[in-house]
Amino acid sequence: MTLNDILTAALAQLDRGHDPQTMELSRERLTGYANEAQADLARAVGFSRRDEVTPVNGIAALSSLPRVCIKVLKAEQLGREVRFLRGVTGEIALPYNEEAELTYVCEPKPLRLPQDVSELPLHVHGLIVSYIVAKERMAGDVSTQRGANVYLSMYEAAKSKLRPHSGDSESYKIINRY
């Protein structure tokens, strides 16, 4: 769904018009809610990307990645997975001074333009709409605030059924060496 589709669906559920004039009046606020939902859902589904990085003297700067890296899950060099050391300065040490492909956890690109499409899986786009409706109802008068609980409950229940984050630091790989 594009940002415009998400906002139109949210305005329809709020029983508001979704003509261009009404859309422009609330676009900035609703887009902020959509980006909040994206960040929350990205953590729930374990959103990650694969990008290449070029190390210098075996040190790869995570700032050279196109997105802000939250956590590196895997590094591949010369066509195979390699071990790496994490630094506290936003760098990782790799065994070779060759191009590396990193799989890392990050937040999806924020939605800004009407034609922007969320990078999250398609099956969670409807949850973004539910979150927007819940947040918008929370900001309303007392009679509409009760409706916010329903949408927020639907959002949280559906989010809890999403694939949990994997690749945590408590996960280990056991290799039989004998």
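Two strands pair if DSSP finds at least two bridges between them. Helices (H or I, at least four residues) and strands (E, at least two) are DSSP runs, numbered from the N terminus. The model is predicted: local features need pLDDT of at least 70, side-chain atom pairs count only at pLDDT 80 or more, and totals for chains, interfaces and linings use all residues. Residues are numbered from 1 along each chain as its sequence is written, and side-chain values use heavy atoms, with hydrogens and water left out.

The first topic is the sheets. An open sheet of 3 strands has the order β2-β6-β5, with antiparallel pairing. Its edge strands are β2 (59-61) and β5 (85-86), and each pairs on one side only. β5 is joined to strand β6 (residues 91-93) by 2 bridges, and the two run antiparallel. There, L85 stands opposite A93 of β6.

K74 has T103 of β7 as its bridge partner. β3 also pairs with strand β4 (residues 80-82), in the antiparallel sense, over 3 bridges. In this pairing Q77 stands opposite R80 of β4. The hairpin of β3 and β4 has 2 residues between the strands, and L78 takes a positive phi near 55°.

E76 lies in strand β3. Its side chain joins that of K74 through a polar contact of 3.3 Å. Such a contact is a pair of N or O atoms within 3.5 Å; within protein, one must be able to donate a hydrogen and the other to accept it, and residues adjacent in sequence count only if both atoms are side-chain atoms. Leaving aside residues up to four places away in sequence, E76 touches R50, E81, V82, E99, A100 and E101. Contact here means heavy atoms within 4.5 Å.

The helices come next. Axes are lines fitted to C-alpha atoms, for helices over the stretch in contact, and angles run from 0 to 180 degrees between N-to-C directions. Angles under 35 degrees count as roughly parallel, over 145 as roughly antiparallel, 65 to 115 as roughly perpendicular and the rest as oblique.

Helix α1 (residues 3-13) packs on α2 at an angle of about 105°, with the axes 10 Å apart. α1 and α2 are therefore roughly perpendicular to each other. On the α1 side, L3, N4, L7, T8 and L11 meet M23, S26, R27, L30, T31 and A34 of α2. The residues of this contact divide into 6 nonpolar, 4 polar and 1 charged. Ala, Val, Leu, Ile, Met, Phe, Trp, Tyr, Cys and Pro count as nonpolar, Asp, Glu, Lys and Arg as charged, and the others, Gly among them, as polar.

Helix α2 (residues 20-45) and helix α3 (residues 125-138) pack at about 125°, and their axes are 9 Å apart. That angle makes α2 oblique to α3. The crossing of α2 and α3 is right-handed. A crossing is left-handed if the near helix is turned anticlockwise from the far one by less than a right angle, and right-handed if clockwise. From α2, R29, L30, Y33, A34, E36, A37, Q38 and L41 meet L127, I128, Y131, I132, K135 and E136 of α3. The α2 and α3 contact residues comprise 9 nonpolar, 1 polar and 4 charged.

The axes of α1 and α3 come within 9 Å and cross at roughly 50°. This makes α1 oblique to α3. The crossing of α1 and α3 is right-handed. I6, L7, A9, A10 and Q13 of α1 make the contact with I128, V129, I132, V133 and R137 of α3. The residues of the α1 and α3 contact divide into 8 nonpolar, 1 polar and 1 charged.
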